[in-house]
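Here are a few notes to go with the model, written for reading beside the sequence.

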Amino acid sequence: MPEPRATRRGLLGLAAAASLGGCGFRPMYAPEGRSATPDYEERVTRELAAVQVALQGERTGQLFRRALQEKLNPRGTGVAARYEIRTGLTIAADPLGFRRDGTLSRVRYNGAAPWTLVVLGTPPVALTAGRARSFESYDVLDNQFFASDFAQEEAIRRLIEILSDDIVTRLALYFRSQPAG
C-alpha cells in the first residue's frame with residue numbers, strides 16, 4: 001500500500017501541472033492552441049540555425065558572436081544562411097564598493113546589446129529588432145591580482161551569456177509567431 005504522504009505529493013504535483021494551462025503557460029516551441037509537435041519545434045530550430053551572426057570587433061565582441069552562434073545552431077548543422085543578426089555590444093564598468101583606503105571592493109558591469117534581424121538579399125530587409133540589457137558584478141580581492149582578473153573575466157563571460165540567451169529567446173519567439181512557409 002502506498003504511503004499517504006507520497007500519494008498526497010503525487011496528487012499535488014498532478015494538480016499543479018494541470019493548473020498551468022489556466023495561467024497562460026505554454027511551451028515556446030508549441031503552435032498556438034496546440035501542444036508542441038516535432039515538426040513545429042523543428043521549424044523554429046531550423047529558422048534559428050539559418051541565422052548567421054555578423055562580424056564583431058574587439059575580444060568581447062568576438063566572444064559575444066561565438067556565444068550567439070553556439071546558441072543559434074547548437075548542433076552545427078550546415079543550414080544555408082537566410083538571415084543575419086547584426087549586433088553591437090557595450091559594456092561599462094561601475095564601481096559599487098570601496099574599502100576604507102579608497103580602493104575598489106566591488107565592480108558592476110552593465111551590458112547592452114542592440115540587435116537587428118535582417119533577411120539576406122539585395123537590399124537586406126529588417127524583420128525585427130531589439131535591445132538586450134543586463135548586469136553582472138564581481139568582488140575585487142585584496143592582494144590577489146590573478147583571482148581578481150579571473151573574477152573580472154568570468155563576470156564578462158556571464159554577462160555575454162545572459163545577453164546572448166536573451167537575444168536567442170527573442171528570436172525564437174519571433175520565429176514562433178510567424179506563419180509556416
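1. Let's start with Glu-84, which lies in strand E2, residues 83–87 (helices, H or I with at least four residues, and strands, E with at least two, are DSSP runs numbered from the N terminus). This is a predicted model, in which local features need pLDDT of at least 70, side-chain atom pairs count only at pLDDT 80 or more, and totals for chains, interfaces and linings use all residues. Residues are numbered from 1 along each chain as its sequence is written, and side-chain values use heavy atoms, leaving out hydrogens and water.

2. Is Glu-84 buried or exposed? Glu-84 is buried, because its relative accessible area is 13% (buried means under 20%, exposed over 50%, partly exposed in between, with a 1.4 Å probe and protein chains only). Setting aside residues up to four places away in sequence, Glu-84 touches several residues, including Val-51, Thr-116 and Leu-120 (contact means heavy atoms within 4.5 Å).

3. Next, the hairpin. Strands E3 (residues 90–98) and E4 (residues 104–119) pair in the antiparallel sense over 8 bridges (pairing requires that DSSP finds at least two bridges between two strands). Gly-97 stands opposite Arg-106 in E4. Between the strands of this hairpin there are 5 residues, and Gly-102 takes a positive phi near 90 degrees.

4. Two backbone details deserve a look. Pro-123 sits in the loop between E4 and strand E5 (125–139), and the peptide bond from Thr-122 to Pro-123 is cis, with omega near -10 degrees. Glu-58, in helix H3 (residues 58–72), has a positive phi near 60 degrees. Most residues other than glycine have a negative phi, and most peptide bonds are trans.
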